[in-house]
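Dear colleague,

Please find below the structure that I am passing on to you. My findings follow directly after it.

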Amino acid sequence: MPLLDVRSLSKTFPHGSASRPAVDDVSFTSNQGETLAPVGESGAGKSTTGPSLIVCDEPVATLLSAIPEMPETAVA
């Protein structure tokens with residue numbers, strides 16, 4: 001039985017009057033004891049996938065841009 005089973009994860013961010021997809025239809029499974037490492041080109045959505053899984057939905061952009069400082073606003 002999988003420890004984590006993600007199916008069709010998608011996340012968009014507002015961009016002007018439209019929205020821009022950051023993650024589009026990502027699916028994966030991870031079993032207990034396995035290590036999962038996202039791999040892909042720059043801008044492929046690797047850094048958006050993790051926070052989307054733990055439902056840091058609104059502060060994702062703040063959290064990702066502030067990793068070195070970790071300001072109080074980044075805490076959900």
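Confidence differs between the elements of this predicted model: strand β2 (residues 18-30) has the highest mean pLDDT among them, at 89, whereas helix α2 (residues 60-65) has the lowest, at 42. Over residues 58-71 the pLDDT stays under 50, and the model has 13 contacts beyond four places in sequence for this stretch. For the protein as a whole, the mean pLDDT is 75, and 71% of the residues reach 70 or more.

As to the overall fold, the protein contains two strands and two helices. Their order from the N terminus is β-β-α-α. Of the contacts between residues at least 6 apart in sequence, 34% join residues at least 24 apart.

The protein has 76 residues, of which 24% count as buried. Its accessible surface comes to about 5,800 Å², and carbon and sulfur atoms account for 54% of that area.

One nonpolar patch on the surface may be of interest to you. It is formed by L3, L4, L53 and I54, which together have about 380 Å² of accessible area. Of these residues, L4 lies in strand β1 (residues 4-15). Is L4 buried or exposed, or does it fall in between? Its relative accessibility is 33%, so L4 counts as partly exposed.

Turning to charged side chains, which residues form a salt bridge? D5 pairs with R7, and their closest N and O atoms are 2.9 Å apart. The cut-off for such a pair is 4 Å between a side-chain nitrogen of Lys or Arg and a carboxyl oxygen of Asp or Glu, so the D5 and R7 pair qualifies. The count for the model comes to one salt bridge.

In an unreviewed entry, UniProt lists residues 24-49 for "domain: ABC transporter". In the model, this span is 27% strand and 15% helix, and its end C-alpha atoms lie 10 Å apart.

With kind regards

Conventions:
Residues are numbered from 1 along each chain as its sequence is written. This is a predicted model: local features need pLDDT of at least 70, side-chain atom pairs count only at pLDDT 80 or more; totals for chains, interfaces and linings use all residues. Side-chain values use heavy atoms; hydrogens and water are left out. Helices (H or I, at least four residues) and strands (E, at least two) are DSSP runs, numbered from the N terminus. Buried means under 20% relative accessible area, exposed over 50%, partly exposed in between (1.4 Å probe, protein chains only). Contact means heavy atoms within 4.5 Å. Accessible areas come from the Shrake-Rupley method with a 1.4 Å probe; for residues, only the protein chains shown count as cover. pLDDT is the predictor's confidence in each residue, from 0 to 100. Patches are made of residues with over 30% relative accessible area and no salt bridge: like charges are joined within 9 Å, nonpolar side chains (Val, Leu, Ile, Met, Phe, Trp, Tyr) within 5 Å. UniProt positions are given in the numbering used here, feature names are shortened, and annotations may be inferred rather than shown by experiment.
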